[in-house]
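Here's a quick briefing to read with the structure open beside you. Take it one topic at a time and find each spot as you go.

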Amino acid sequence: LVPLPSVPPPAPHTCQGLAPCLPEEGQVNTSGPRLLLATLHPASGSSAAMDRIVSALLLSLLLLLQSYGVCGAPPQPRGTLCRTKPTDLVFIIDSSRSVRPNEFEKIKVFMSQVIEGLDVGPNSTRVGVINYASAVKNEFSLKTYQTKAGLLQAVQRIEPLSTGTMTGLAIQFAISRAFSDSEGARVRSPNFNKVAIVVTDGRPQDGVQDVSARARAAGIEIFAIGVGRVDMHTLRQIASQPLDDHVDYVESYSVIEKLTHKFQEAFCVVSDLCATGDHDCEHTCISIPGAYKCACKEGFTLNRDGKTCSACSGGSGSALDLVFLIDGSKSVRPENFELVKKFINQIVDSLEVSEKQAQVGLVQYSSSVRQEFPLGQFKNKKDIKAAVKKMAYMEKGTMTGQALKYLIDSSFSIINGARPGVPKVGIVFTDGRSQDYITDAAKKAKDLGFRMFAVGVGNAVEDELREIASEPVAEHYFYTADFRTISKIGKKLQMKICVEEDPCECKSIVKFQTKVEDLINSLQQ
């Protein structure tokens with residue numbers, strides 16, 4: 001099996017195809033989806049990582065909900081700066097016969113989007129692509145293109161090979177040639193990363209364990225992405241440690257693009273603008289991934305300019321009737337359902353639970369709907385947490401429409417503890433397609449004035465999530481394919497805390513925010 005010839009670099013030409021508008025050289029793409037929630041089924045990512053990230057997200061969400069109807073402007077991201085550490089990056093892409101032409105185009109889009117987030121150049125990040133099936137084709141090497149525009153145009157021209165699946169051969173080619181000095185790889189150094197991203201959808205026809213071990217021993221960090229009927233054991237043999245951070249799975253190529261932000265964040269080296277003093281905050285500067293935000297000292301609230309502060313005279317959080325609608329279908333899996341319960345209790349720990357403030361209800365659904373406990377049944381956090389721990393996993397289908405109807409007819413009824421005149425908030429978590437019709441119930445919930453958040457992960461259907469979410473949809477719907485991206489999105493929820501005219505009603509919310517951030521910091525440590 002002999003490697004096929006390389007694609008020569010093209011003559012310069014105008015942008016087209018996957019890259020209609022290329023940024024100027026060196027410009028970092030800091031745009032991202034306007035998403036504001038997350039959910040619970042860890043298709044990928046470690047338990048510890050998911051614990052840290054989802055807890056941060058959901059606690060931030062409750063910070064938003066507790067402040068329902070009060071305050072001025074919350075902390076705003078004031079600046080962004082994300083540079084990628086110099087990296088020799090090689091994509092190793094499977095184009096065997098099992099990968100259809102339209103699916104291969106999705107792989108190319110994924111690669112292009114990752115490249116768009118990189119600092120490309122001879123002294124920064126270099127990119128190569130290996131295409132493999134029964135044979136290996138070096139599409140272009142690390143030294144071929146020194147601009148982002150050249151890389152994106154080269155990716156457009158890659159064609160599938162459409163034969164077998166020699167994954168081990170492709171990894172060996174990466175070791176012996178793609179990461180060699182002659183092909184543009186730099187000498188191994190702490191100043192440079194060597195990274196390979198392997199994308200495959202099948203079982204290899206050769207061995208991968210030994211050759212992958214040699215690659216890792218040579219200092220190559222390997223990410224393994226599996227699609228569809230991929231052999232998960234093979235992915236674990238290929239990937240670097242920790243496996244939870246280096247192995248990803250998506251159900252189909254149509255959703256592989258959702259991993260883009262994971263890799264953009266993985267390659268990002270963030271400068272601390274607060275430490276350098278490059279900010280305009282009146283009181284306190286807080287670093288967040290890729291940016292910073294301004295905050296105020298206790299007793300003050302942030303003005304609408306996002307940087308100055310005003311003194312508060314007091315105030316308290318609003319009352320809230322909050323019901324969790326939790327997907328307990330079999331795809332969640334028992335071990336992950338235990339994590340769901342843990343996350344709910346971490347949220348409860350951060351709430352002011354009383355007859356005049358927050359009330360919490362919990363409903364689980366699968367093929368049927370089961371009320372775990374109604375609003376107001378438990379008057380303190382201890383009793384709520386005990387009831388959550390006792391919740392048994394249903395483990396059947398996914399009748400989201402039926403669950404939404406139950407929320408409307410029962411959960412928010414006076415007989416089940418709902419209080420007249422108190423804001424009603426429903427948080428729907430799901431990891432898959434509903435097996436029934438959701439449109440009517442979703443519309444009715446919003447028509448009745450319930451504030452509905454739709455949260456999806458993994459195989460959740462985005463159209464269904466949007467249908468459930470309140471307006472504006474961008475602020476009430478969230479989907480993610482990887483939990484490592486949720487911490488940044490969870491921070492954005494804090495932008496929606498204060499919405500009323502009187503900013504001095506925020507004092508208790510400011511305190512609550514501090515408590516939430518302290519918990520998040522302890523989880524990260």
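Which backbone oxygen does the side chain of S413 reach? The side chain of S413 reaches the backbone oxygen of S410, at 2.6 Å. Before you go further, keep in mind that this is a predicted model.

**The big picture**

- The protein has 525 residues, and 56% of them count as buried.
- Its secondary structure comes to 16 helices and 19 strands.
- Take the contacts between residues at least 6 apart in sequence: 77% of these join residues at least 24 apart.

**Helices α2 and α3**

- Helix α2 covers residues 101-116 and helix α3 covers residues 148-156.
- Their axes come within 10 Å and cross at roughly 175°.
- Angles over 145 degrees count as roughly antiparallel, so α2 and α3 are roughly antiparallel to each other.
- On the α2 side, the contact is made by K108, M111, S112, I115 and E116. On the α3 side, K148, L151, L152, V155 and Q156 take part.
- Sort the residues of this α2 and α3 contact by type and you get five nonpolar, two polar and three charged.

**Helices α4 and α5**

- Helix α4 (residues 167-178) and helix α5 (residues 209-217) have axes that come within 9 Å and cross at roughly 25°.
- Here the cut-off is at the other end of the scale: angles under 35 degrees count as roughly parallel, so α4 and α5 are roughly parallel to each other.
- The crossing of α4 past α5 is left-handed.
- From α4, the residues making the contact are G168, I171, Q172 and I175. From α5, they are V211, S212, R214 and A215.
- By type, the residues of the contact of α4 with α5 are four nonpolar, three polar and one charged.

**A buried glutamate in a strand**

- You'll find E139 in strand β5, which runs over residues 136-140.
- Is E139 buried or exposed? It's buried, because its relative accessibility is 1% and buried means under 20%.
- The side chain of E139 makes a polar contact with the side chain of N131, at 3.0 Å.
- E139 and E159 sit 20 residues apart along the chain, and their C-alpha atoms are separated by 9.4 Å.

**Two buried serines in loops**

- Back to S413: look for this serine in the loop between α12 (400-411) and β17 (424-430).
- S413 has a relative accessible area of 16%, so it counts as buried.
- S240 is in the loop between α6 and α7, and with 7% relative accessibility S240 is buried too.
- The side chain of S240 reaches the backbone nitrogen of I222 at 2.8 Å.
- Leaving aside residues up to four places away in sequence, S240 touches R216, I220, E221, I222 and H246.

**Cis peptide bonds**

- P242 lies in the loop between α6 (232-238) and α7 (243-246).
- The peptide bond from E471 to P472 is also cis, with omega near -10°.
- P472 is in the loop between α14 (462-468) and β19 (477-480).

**Positive phi without glycine**

- S162 has phi near 60°, which is a positive value in a residue other than glycine.
- The loop between α3 and α4 is where you'll spot S162.
- With a relative accessible area of 37%, S162 is partly exposed.
- E395 isn't a glycine either, yet its phi is positive, at about 60°.
- Look for E395 in the loop between α11 (381-390) and α12.
- Why does E395 count as partly exposed? Its relative accessible area is 41%, and partly exposed covers values between the 20% limit for buried and the 50% limit for exposed.

How values were computed:
Residues numbered from 1 in each chain as written. Predicted model: local features only at pLDDT ≥ 70, side-chain atom pairs only at ≥ 80, totals over all residues. Heavy atoms only, no water. Helix = DSSP H or I, 4+ residues; strand = E, 2+ residues; numbered from the N terminus. Buried < 20%, exposed > 50% of the residue type's maximum accessible area, 1.4 Å probe, protein only. Polar contact = N/O pair within 3.5 Å; in protein donor to acceptor, adjacent residues only side chain to side chain. Axes fitted to C-alpha atoms, helices over the stretch in contact; angles between N-to-C directions. Parallel < 35°, antiparallel > 145°, perpendicular 65-115°, else oblique. Left-handed = near helix turned anticlockwise from the far one by under 90°. Contact = heavy atoms within 4.5 Å. Nonpolar A, V, L, I, M, F, W, Y, C, P; charged D, E, K, R; others polar.
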